[in-house]
Amino acid sequence: MAFLTRFKHLGELSDLENAILTHRDAVELTPHGHLEKPRLLTNLGNALFTRFQRLGELIDLEDAISRQKDAADLTPDGHPDKTTSLYHLGHSFIARFLHLKDPTNFLQAISLYSQAASASRGRLAHRFHASRLWITYAQCIHHDTLLHAHSVAIGLLPELAWTGISLKRRYSELQAGADVAREAAAAAIDSGSLETAIEWLEQGRTVVWGGLFQLRSPYEELSVVHPDYAHRLRELSVALEHASTTHEHSLSSQEEADKHRALAIERDKLLQAIRGLPGFEQFLLRKEFSQLRASAHSGPVVILNSAKSRCDALIVLADLDHVIHVPLPSFTFQRSRGLQNMVERLLGHDRAIHSDDREGDRAPLHGVSWEALLSTLWNNIVKPVLDALAFSVCHFALLEIVAHPSILEQTPGDLSRIFWCPTGPFAFLPIHAAGLYGTQQSQPGRKVSDFVVSSYVPTLSILTLSPNSPAVPSGALRLLTVRQPPSDGLTHLSGVAIELEHIREIIKNSPSTQTHLLESSVGTVEEVLSLMKDADWVHFACHGIQDVTDPAKSGLCLADQRRLKISDIIALSRPHGGLAFLSACQTAMGDELLSDEAIHIAAGMLFAGYGGVIGTMWSISDKLAPEVACDVYQQLFRNGTRPEYREAARALHEAVGHVRERGNVPFHIWLPFIHVGL
């Protein structure tokens with residue numbers, strides 16, 4: 001192998017010739033039936049294939065295929081090396097097809113890649129890459145295995161993000177499959193399998209969150225039928241979750257890393273045993289559409305899929321046993337990327353660069369405008385969706401002509417809720433603010449906010465209600481407020497004191513509610529985490545940052561120049577429900593390389609158990625933040641009784657509406673405030 005390695009670095013043909021001679025000698029000197037024979041044949045075949053690539057001599061390619069075939073034939077099914085042999089043999093058949101134009105070689109390559117990808121053992125990198133090549137070549141000829149290829153690729157994603165490795169490495173590994181679920185969904189839509197598209201998007205996105213959610217699953221049904229299995233699975237899951245989060249706080253020793261992997265391996269084996277039990281064949285595996293649609297209990301969920309071949313909206317309703325499909329023919333993946341770039345240009349700075357204020361600096365518009373962006377989103381995405389849901393703009397306009405103006409005045413309490421689940425570049429677009437502004441701003445029925453109260457969700461499953469949590473919690477509400485500490489090392493935010501004073505005044509009139517104020521003289525990560533465990537709601541008024549180098553380290557800036565990171569937040573174990581109000585920059589921004597993994601602080605709060613989160617898509621104004629917070633809390637506490645966190649979306653809808661309707665507040669100031677979750 002040394003000769004071949006040197007050839008790849010220096011390009012000297014003599015090294016390649018020596019590599020082939022050495023590999024031939026090794027093959028000839030190794031007796032038939034020896035365990036190393038297949039591996040040696042593979043090495044020789046790969047060296048010959050490399051020489052074919054360099055010199056273009058067909059005899060080398062034929063010899064390579066012969067040796068690689070022998071290696072595959074001698075390797076028993078189920079052996080880890082079988083995948084590697086099939087994978088390399090597939091490359092050779094593709095090369096022969098390109099050289100001879102014989103379609104049988106193309107079909108043979110598809111078959112080999114499918115066998116390699118579908119193997120239960122072998123190098124994961126080869127299996128996953130084989131699945132991608134299988135998809136690529138099956139698409140070229142509309143092969144009948146295309147959907148199966150997509151299914152196999154999606155099934156490999158949890159292995160890329162295996163729970164036995166650190167959180168940072170899981171995200172790094174998933175970059176190789178960033179678009180797998182979106183492309184699979186597009187293929188399913190092409191074939192008319194809309195429910196399958198939903199299932200694949202749920203299975204193949206937010207893979208890391210999904211794996212962590214599994215570790216916290218209560219396993220009720222398993223506990224009833226097989227309590228011993230459930231008990232051991234719960235023990236392993238708790239230990240594995242602890243191991244996963246401690247990896248993020250220090251450089252673990254090799255012994256700790258080995259223990260982490262051992263726990264994951266034991267849990268994998270236990271899951272295989274459980275899935276062998278009658279009635280548990282699909283235990284913790286992909287959910288079917290019939291289960292997923294129940295998540296749309298509080299309003300329609302609209303999944304916006306952006307793939308290279310097509311863009312679509314898929315609408316899920318709880319009481320409908322099929323998907324409503326809204327094609328978006330005016331949109332392409334490139335156009336959605338273009339709009340994402342437009343947002344960045346309008347903001348005038350790299351959204352990942354930390355700002356010393358909650359507000360990002362304004363910059364020239366460079367020939368583009370928010371009005372153009374939001375009207376494009378309205379005409380090409382949101383309006384078609386609302387029309388499909390029978391929200392008729394024409395009907396609304398007719399009322400404007402014939403009815404008294406008071407009839408048109410709807411309050412957020414009258415509006416339906418809608419949950420946007422954007423994928424790919426859609427995740428960075430302000431769908432919640434789509435509409436026609438400017439001279440047409442005063443006309444009702446021209447903005448999404450005229451029809452619905454918008455929330456965002458990373459997945460359908462995040463809306464699943466916990467069977468153990470009461471619909472309306474009883475007792476006093478414990479509200480924790482966390483202010484900017486003086487030792488965060490960042491620019492002082494003068495609006496924080498005003499914001500928290502607003503909250504104090506509002507809750508004074510709600511005797512059933514107690515609040516715990518965390519003064520800025522404390523504000524350490526440890527104290528905040530401890531208080532969050534006991535609090536029902538939490539309000540942060542401080543700096544926030546999305547870390548582009550390591551998204552899991554994105555967080556809220558606290559005392560001693562430390563961050564309350566995503567990895568800290570997800571280690572929390574608290575009852576499901578409650579509101580997290582993140583009055584800080586970039587708390588729902590996400591990572592561009594892994595847009596479908598929802599790696600942001602707001603998603604971390606959802607995983608920690610908060611039912612709803614008010615967050616920000618980018619930097620926010622230190623002057624406006626107190627006003628928005630005050631308006632939200634006034635609405636939530638206006639009845640003098642314990643407020644309901646599920647009303648936070650409506651409260652934010654109205655608060656931002658008040659700012660927008662003033663007409664003198666720039667778009668970039670009010671646009672970033674969003675609601676995530678239930």
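Q: Which residues lie nearest the centre of the largest cavity?
A: In this predicted model, Pro422, Ala427, Ala588, Ala598 and His600 lie nearest the centre of the largest cavity, which has a lining of 21 residues.

Q: What classes do the residues of that lining divide into?
A: The lining of the largest cavity has 14 nonpolar, four polar and three charged residues. The space in this cavity is about 250 Å³.

Q: How many cavities of 30 Å³ or more does the structure hold?
A: There are four cavities of 30 Å³ or more.

Q: Which element gives the most to the lining of the second largest cavity?
A: Helix α26 gives the most, with six residues. At least two residues each come from β5 (452–456), α26 (648–661) and β14 (673–677). By class, this lining has 12 nonpolar, six polar and one charged residues.

Q: Changing topic, at what angle do the axes of α17 and α18 cross?
A: The axes of α17 (residues 333–347) and α18 (residues 370–388) cross at roughly 150 degrees and come within 10 Å. The two helices are therefore roughly antiparallel to each other.

Q: Is that crossing left-handed or right-handed?
A: The crossing of α17 and α18 is left-handed.

Q: Which residues meet there?
A: From α17, Arg335, Leu339, Met342, Val343, Leu346 and Leu347 meet Trp370, Leu373, Thr376, Leu377 and Asn380 of α18. The residues of this contact comprise eight nonpolar, two polar and one charged.

Note on methods
Residues are numbered from 1 along each chain as its sequence is written. This is a predicted model: local features need pLDDT of at least 70, side-chain atom pairs count only at pLDDT 80 or more; totals for chains, interfaces and linings use all residues. Side-chain values use heavy atoms; hydrogens and water are left out. Axes are lines fitted to C-alpha atoms, for helices over the stretch in contact, and angles run from 0 to 180 degrees between N-to-C directions. Helices (H or I, at least four residues) and strands (E, at least two) are DSSP runs, numbered from the N terminus. Angles under 35 degrees count as roughly parallel, over 145 as roughly antiparallel, 65 to 115 as roughly perpendicular and the rest as oblique. A crossing is left-handed if the near helix is turned anticlockwise from the far one by less than a right angle, and right-handed if clockwise. Contact means heavy atoms within 4.5 Å. Ala, Val, Leu, Ile, Met, Phe, Trp, Tyr, Cys and Pro count as nonpolar, Asp, Glu, Lys and Arg as charged, and the others, Gly among them, as polar. On a 1 Å grid over the protein atoms alone, a cavity is a set of points where a 1.4 Å probe fits but cannot get out, and a pocket is an open set with protein on both sides within 12 Å along at least five of seven lines; lining residues have an atom within 4 Å of a point. Grid points are joined across faces, edges and corners, and a volume is the space filled by probe spheres set on the points.
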